[in-house]
Amino acid sequence: MNNKIARFARPLLAAGILLLAARGASAIDLKEGEQYTLLKPAQPTDVAPGKVQIVEVFWYACSHCFAIEPKVEAWIKNGKPAYVEFVRMPAVWNDLVKTHARVFYTAELLGKLPQLNEEIFREINVKGDRLDKPETIEAFFVAHGVSKAEFQKAFSSFAVESKLRQAEEMNRRYKITGTPTWVVDGKYVTDVKMAGSEDAIFQVLNALAAKAKQGH
């Protein structure tokens, strides 16, 4: 029973912490080279006027990405400013990481990403299934209600290949060397180490988003 209580309490606690962080974002004294670095050259973003884009570059097999994921979800629901458009982008720096990026875009194309994102994290980080071969990836999707035909069509589709090429280009432009990394408004780069803690990163993200909005 205690385990069940803890399981339900954890997301609520995370949401509360992030809500407080959001309210206190304006109080942060942001310093370049400490909480964030400037991306040079800055990269364009594809958002509507008045919006600020925040991109999280992640890897499904990254233990730090897995650990912070519940707080990311809580921030999206309770702590993210309404003017922020949040985008997940997979890392692609080697063949295994690119394979997991393909898993991400396959789930997205199939319309299954909201249901499967956490399950993919758990499959790799908890169950020990590396999801590094087409047959094991297919088995995972089939076990979660996707037919073999649907999976095979999506996994090798032009749409997924295009997304992978775009991710490779943006990873290069963002100069990604580790995960998770966040890019705010195409010009501010930060991570948990720079922010100081997992909870602080969301306060930093909100403060950087506010800074970016003021500069528009």
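These entries record what I looked up in a predicted model, beginning with the sheet and ending with the cysteines.

I traced an open sheet of 5 strands with mixed pairing, in the order 1-5-4-2-3. Strand 1 (37-38) and strand 3 (84-90) each have a single partner strand and stand at the edges, so one side of each lacks a neighbour in the sheet.

I looked up how strand 1 is held to strand 5 (residues 188-190) and found antiparallel pairing over 2 bridges. Thr37 has Val189 of strand 5 as its bridge partner. I then noted that helix 9 (residues 198-215) packs on the sheet and touches strand 2 (52-58), strand 3, strand 4 (181-184) and strand 5. The direction of helix 9 makes about 175 degrees with that of strand 5.

I checked burial here and found strand 3 mostly covered, with 5 of its 7 residues buried. Strand 2 and strand 3 run parallel and are joined by 7 bridges. Within this pairing, I located Val57 opposite Met89 of strand 3.

**Cysteines.** I searched for disulfides and the structure holds 0. For Cys62, the nearest cysteine sulfur is that of Cys65, 3.0 Å away, and Cys62 is in no disulfide. Since a disulfide requires the sulfur atoms to be within 2.5 Å, the 3.0 Å between the sulfur of Cys65 and that of Cys62 is too far for a bond. I also looked up accessibility: Cys62 is buried at a relative accessible area of 6%, and Cys65 counts as buried at 1%.

Notes: Residues numbered from 1 in each chain as written. Predicted model: local features only at pLDDT ≥ 70, side-chain atom pairs only at ≥ 80, totals over all residues. Heavy atoms only, no water. Pairing = 2+ DSSP bridges. Helix = DSSP H or I, 4+ residues; strand = E, 2+ residues; numbered from the N terminus. Contact = heavy atoms within 4.5 Å. Axes fitted to C-alpha atoms, helices over the stretch in contact; angles between N-to-C directions. Buried < 20%, exposed > 50% of the residue type's maximum accessible area, 1.4 Å probe, protein only.
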